[in-house]
Amino acid sequence: MISKLLFQGLLSISFAFGISLTAGYAAAQTESYPQRSVRIVVPVSAGGSTDKIARLIAEKLTSVWGQTVVVENITGAGGAIGAAQVARAKPDGYTFVLHSDAIVLNTILIKNPPYTLDDLTGVMRLVVNPQVLVVNPGFAPQTFKEYVEYAKSNPGKLTLALPTSGGIAHIAHEVLANAADIKVNYIPYKGGAPAALDTMAGHVNATVITLAAVTEQIKAGKLRALAVTTDYRSPVFPDVPTMAESGYPAVNIESWQGILAPKGTPMAILEKINKDVTQIVRDPANIKQIEALGFSVSTNTVPDMQIMLRDLRKKYAETIEKAGIVQQ
């Protein structure tokens, strides 16, 4: 009996010691992270809203960590190629993707997506912002109401640039199109920056795009904002109405940007990144800079990010089916 009790006691001590060593290793791993350069993949063109927020975060993290945080633009397939590369990357905490709602949409809209949400772990949401309908300043409609009337009177004639086919902007305008019974000529682009450039140049009449991507162009008069897609007005442009208040309450779509990591990345590292980035985006000086870009800071925890991704996939799938958007 004594031998048995002694054995059980030693086993308990060994188990507790093992847990202590594991916890100690995780703590040491977090404390020393990062020990080299960290890569943030941005799966869309340079100059867009996601790229802007990524470069701001990279700059601040470089200062906080004392290690270089680089941004790499890997474009293609509406952001799916860059996301897939991160999903296949080594889950060691040195490769992440800073993506938008498109990372969820691609798993619904692409017939054979190169990744699934199960291949990635959400680290955190950073910011939210409206999509905004903007037109070339020389385009005849001066207001959102006139835009809808023009589209009704000229079915299929109005040309609308899409930052990506099947993206959140596409969904937002399709919801509007169904509610207002209008038809436009959609022209897909490889990112928000080229879509905005062609709208400014007059090659297309309009685009729906993340507000943060065109804040400066609206202020400079290079684009005219007609309406936002959220049920609240932007504090940056409080005079720009919402589509909901303009008679189309079905249009209530909010864009977001967040960080995701390869599945299997140590939780201790995910939580450190979440903590450090949260402190960055909630710093009053940085908030001012972020809001000037058209974003609103809206962070969450690692567990909450997982719940958000799951819930949004369900919501987006229902919206896509109702809007009649087909898989690519």
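The model is predicted, and local features need pLDDT of at least 70, side-chain atom pairs pLDDT 80 or more, while totals for chains, interfaces and linings use all residues. Residues are numbered from 1 along each chain as its sequence is written, and side-chain values use heavy atoms, with hydrogens and water left out.

**Stop 1: the second largest cavity**

Select Val128, Asn129, Pro130, Tyr232, Ser234, Pro235, Val236, Gly294, Phe295 and Ser296, which line this cavity. Strand β4 (residues 120-135) gives the most to the lining, with three residues. The space inside is about 50 Å³. A cavity is a set of points on a 1 Å grid over the protein atoms alone where a 1.4 Å probe fits but cannot get out, and lining residues have an atom within 4 Å of a point. Points are joined across faces, edges and corners, and a volume is the space filled by probe spheres set on them. Helices (H or I, at least four residues) and strands (E, at least two) are DSSP runs, numbered from the N terminus.

**Stop 2: the largest cavity**

Next select Tyr33, Val38, Ile40, Ile57, Leu61, Trp65, Phe96, Ile259 and Ile273, the lining of the largest cavity. Its volume is about 60 Å³. The lining holds nine nonpolar, no polar and no charged residues. The structure holds two cavities of 30 Å³ or more.

**Stop 3: salt bridges**

The count is six salt bridges, each a side-chain nitrogen of Lys or Arg within 4 Å of a carboxyl oxygen of Asp or Glu.

Show Arg36 and Asp92, whose side chains meet at 3.0 Å, N to O. Arg36 is in the loop between α1 (2-32) and β1, and Asp92 in the loop between α3 (80-87) and β3 (95-100), so the pair ties together parts 56 residues apart in sequence. Arg36 is partly exposed at 44% relative accessibility; buried means under 20% relative accessible area, exposed over 50%, partly exposed in between (1.4 Å probe, protein chains only).

Move to Asp276 and Lys272, bridged at 3.2 Å, N to O. They are four residues apart in helix α9 (residues 267-281), about one helical turn. Asp276 is buried at 8%, and Lys272 is buried at 19%.

Finish at Arg310 and Asp311, where the closest N and O atoms are 3.3 Å apart. Arg310 is exposed at 55%, while Asp311 is partly exposed at 42%.

Definitions and conventions:
On a 1 Å grid over the protein atoms alone, a cavity is a set of points where a 1.4 Å probe fits but cannot get out, and a pocket is an open set with protein on both sides within 12 Å along at least five of seven lines; lining residues have an atom within 4 Å of a point. Ala, Val, Leu, Ile, Met, Phe, Trp, Tyr, Cys and Pro count as nonpolar, Asp, Glu, Lys and Arg as charged, and the others, Gly among them, as polar.
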